[in-house]
Amino acid sequence: MSSFNQKPRFASRPLEWLTSGGRASYAATDRFFHLLRDEFSTTEPRNLFNEDVAARLLLLRDDFRQVMEHPQSVGVLQRSLNDINPLIRAIAVWLLSKHANRFMLLGIEDSRFDYSPMVRKRVARALRKLQARELLQEMADEYPDDETVQWFAIWKANPKTYQQRLENFVSTVDQTNAEPTYRPSRMPLWFRDEYWSGSPPKSIEYMRTLLKRIQALVHG
């Protein structure tokens, strides 16, 4: 897409690139998504699943990385969750998951009942990554025929306790070839310089006299 083949990529306007502040990052993300909508707008939903779309999106990976690095982009991404294009909504969920955490989902949970399977896949992946098990279970109950959502909703607890897993790890670590942490040095004690054998430091009276003489020579 020629609109994005520019240097620098993420902010085409020199002033925004130089300032790189919150307003510049927000405006750059907003402009990026406008171009993204224009490029991938289609009346045929099935055209969004072909290999050509994936290859074209791969060329924009540098732009996506910069969106992930700027927290000011969150506002644009949240607004894009209501876009009419399911591809834009899926991309917005994916990028929001890079800014979200388990305590702040940033609105990703509001898209868990999206009608598009592509968006639900991204939402389920993000909720599992963010450990939102209850919300993910709600998706699984709502869409029992969606294999992707069901796969992400499967959660199997580890049958072993922490003590058992720790003992298993210790037993698998080979200690036979481990070298001791402390061992005596085989190098004899030596000194490169005997710094204590020099002349003693000058006294305060001597330094004061020297400074007064320098001052007299400078000022006359």
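In this predicted model, helix H6 (residues 86-99) and helix H7 (residues 117-129) have axes that come within 8 Å and cross at roughly 10°. Because angles under 35 degrees count as roughly parallel, H6 is roughly parallel to H7.

**Contact of H6 with H7**
- On the H6 side, the contact is made by Pro86, Leu87, Arg89, Ala90, Val93, Trp94, Ser97 and Lys98.
- H7 contributes Met118, Val119, Arg122, Val123, Ala126 and Lys129 to the contact.
- By residue class, the contact of H6 with H7 comprises 9 nonpolar, 1 polar and 4 charged residues.

- H7 consists of 13 residues, and its first and last C-alpha atoms are 18 Å apart, close to the 18 Å expected at 1.5 Å a residue.
- The buried residues in H7 are Met118, Val119, Arg120, Val123, Ala124, Ala126 and Leu127.
- These buried residues pack against H6, helix H8 (133-142) and helix H9 (147-153).

**Helix H4: a buried face**
- Within helix H4 (residues 61-69), the residues Asp63, Phe64, Gln66 and Val67 are buried.
- Viewed down the axis of H4, these buried residues fall within an arc of 160°, so they line one face of the helix.
- In general, an α-helix has 3.6 residues a turn, so residues three or four places apart point the same way.

Notes: Residues numbered from 1 in each chain as written. Predicted model: local features only at pLDDT ≥ 70, side-chain atom pairs only at ≥ 80, totals over all residues. Heavy atoms only, no water. Axes fitted to C-alpha atoms, helices over the stretch in contact; angles between N-to-C directions. Helix = DSSP H or I, 4+ residues; strand = E, 2+ residues; numbered from the N terminus. Parallel < 35°, antiparallel > 145°, perpendicular 65-115°, else oblique. Contact = heavy atoms within 4.5 Å. Nonpolar A, V, L, I, M, F, W, Y, C, P; charged D, E, K, R; others polar. Expected span 1.5 Å × (residues − 1). Buried < 20%, exposed > 50% of the residue type's maximum accessible area, 1.4 Å probe, protein only. Arc of directions from axis to C-beta.
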